[in-house]
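Please keep the model open while you read these notes. Each point picks out one feature to find.

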Amino acid sequence: MAPVIVETRGLSKRYGNGTLAVDRLDLEVRRGEVYGFLGANGAGKTTTMRMLVGLIAPTSGTASVVGRAPGSREGLARIGCLIESPGFYPFLSGRDNLRVVARSCSIPDSRVEEALEQVDLRPRAGDRFGAYSLGMKQRLGVAASLLKDPDLLILDEPTNGLDPQGMVEMRDMIRNLAQGERTVLLSSHLLNEVEHVCQRVGVIQGGRLIAEGTLDELRGSASLYVRAEPQDLARDKLLDMVGAGALTEEADGLFRLAVATSRSGEINSAMVNAGITVTELRPFERSLEETFLQLTHEQAAEAAEAPAPTPVEEGQA
């Protein structure tokens with residue numbers, strides 16, 4: 001298992017107005033992976049990322065980023081980040097904007113051209129930033145985060161506001177950037193984006209991490225759908241093969257089997273040999289959208305059923 005490059009324990013942030021934006025967050029991001037930090041708008045993603053890079057201080061808890069305290073000079077030297085919208089001088093070209101950033105960080109100008117190449121922006125690098133499309137502005141922001149050739153790249157909603165083509169281009173770029181030992185921590189509220197890019201996912205709701213794991217772990221084990229005639233004979237045969245606990249009969253003569261998809265050939269052969277006509281046999285796997293909705297609905301239901309805190313508990317919070 002790869003070493004952990006981002007770790008938080010009990011990380012919390014409560015603002016002065018009493019809003020608890022992040023609540024006892026335990027997070028682990030491993031070296032070399034693309035980690036998707038998934039949650040609805042307002043779930044606490046941006047607040048968490050701002051704490052990880054030292055832009056705001058946590059109310060309680062601890063965090064370690066590339067082995068250093070958030071915001072430390074040594075840690076920031078190994079981190080590139082794009083949090084919220086990129087800000088550049090509109091009257092300067094994309095290239096000159098990156099040169100300003102590079103010189104402020106004592107980075108040689110040669111890294112500017114390399115970063116522009118990495119985000120496929122060199123052909124338009126001489127154009128004014130103010131004339132860039134939203135997608136180009138986002139790519140320039142990513143280029144700025146790459147100037148230090150960082151070990152960890154933190155991207156907060158990088159496809160926010162982009163059209164479908166821009167989203168596809170950004171996803172492809174992120175996959176290309178996550179090569180070798182580089183780690184990408186990507187926050188998003190877009191399920192499709194996370195599903196196409198990330199190896200592991202953490203789901204945050206109401207400031208709390210409610211699930212974490214690989215996509216397969218979160219979606220659960222796959223199963224098989226079978227439709228066959230005659231239906232009564234098919235039901236009996238499937239019961240013999242998988243047992244009542246693994247068989248669910250759904251509408252229109254469709255059977256769902258909680259078995260590994262690798263058994264599809266065995267099941268098909270047994271049905272045919274028993275004189276049963278199989279008209280449909282396909283794997284079933286929950287989408288990330290279905291998984292996310294189930295997780296968040298369950299968490300919301302648990303929160304609604306939980307007893308209200310007593311005045312003593314509120315004073316201790």
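1. Start with a strand pair. Strand S3 (residues 34-38) runs parallel to strand S8 (residues 200-205), and four bridges link the two. Two strands count as paired if DSSP finds at least two bridges between them. Strands (E, at least two residues) and helices (H or I, at least four) are DSSP runs, numbered from the N terminus. Look at Phe37: its bridge partner in S8 is Gly202.

2. A word on the source. This is a predicted model, where local features need pLDDT of at least 70 and side-chain atom pairs count only at pLDDT 80 or more, while totals for chains, interfaces and linings use all residues. Residues are numbered from 1 along each chain as its sequence is written, and side-chain values use heavy atoms, with hydrogens and water left out.

3. Now widen the view to the sheet. Six strands form an open sheet with mixed pairing, in the order S5-S6-S7-S3-S8-S9. Strand S5 (79-82) and strand S9 (208-214) are at the edges; each has a single partner strand, so one side of each has no neighbour in the sheet. On average, neighbouring strands here are turned by 15° against each other, direction ignored. Axes are lines fitted to C-alpha atoms, for helices over the stretch in contact, and angles run from 0 to 180 degrees between N-to-C directions.

4. Which strands does helix H1 touch? H1 (residues 45-52) packs on the sheet and touches S3, strand S6 (152-156), strand S7 (183-188) and S8. Contact means heavy atoms within 4.5 Å. The direction of H1 makes about 150° with that of S7. Helix H5 (residues 134-145) lies across S5 and S6, and runs at about 160° to S5.

5. Check the backbone next. Most residues other than glycine have a negative phi, and most peptide bonds are trans. Arg24 is not a glycine, yet has a positive phi of about 50°. Arg24 sits in strand S2 (residues 20-30). Arg24 is exposed, at 52% relative accessibility. Buried means under 20% relative accessible area, exposed means over 50%, and partly exposed is in between (1.4 Å probe, protein chains only).

6. Asp120 is another non-glycine residue with a positive phi, about 60°. Asp120 is in the loop between helix H4 (110-118) and H5. With 56% relative accessibility, Asp120 is exposed.

7. Find the cis peptide bond. The bond from Glu229 to Pro230 is cis, with omega near -5°. Pro230 is in the loop between strand S10 (223-229) and helix H9 (231-242).

8. How many salt bridges are there? The count is 23. A salt bridge is a side-chain nitrogen of Lys or Arg within 4 Å of a carboxyl oxygen of Asp or Glu. One of them joins Glu28 and Arg9, at 2.7 Å from N to O. Glu28 is in strand S2 and Arg9 in strand S1 (residues 4-14), so the pair ties together parts 19 residues apart in sequence. Glu28 is partly exposed at 23%, and Arg9 is partly exposed at 36%.

9. Look within helix H4 too. Glu114 and Arg111 meet in a salt bridge of 2.4 Å, N to O. The two are three residues apart in H4, which means about one helical turn separates them. Is Arg111 buried or exposed? Arg111 is buried, at 12% relative accessibility. Salt bridges with shared partners also join Arg95, Glu113, Glu117 and Arg122 into one network.
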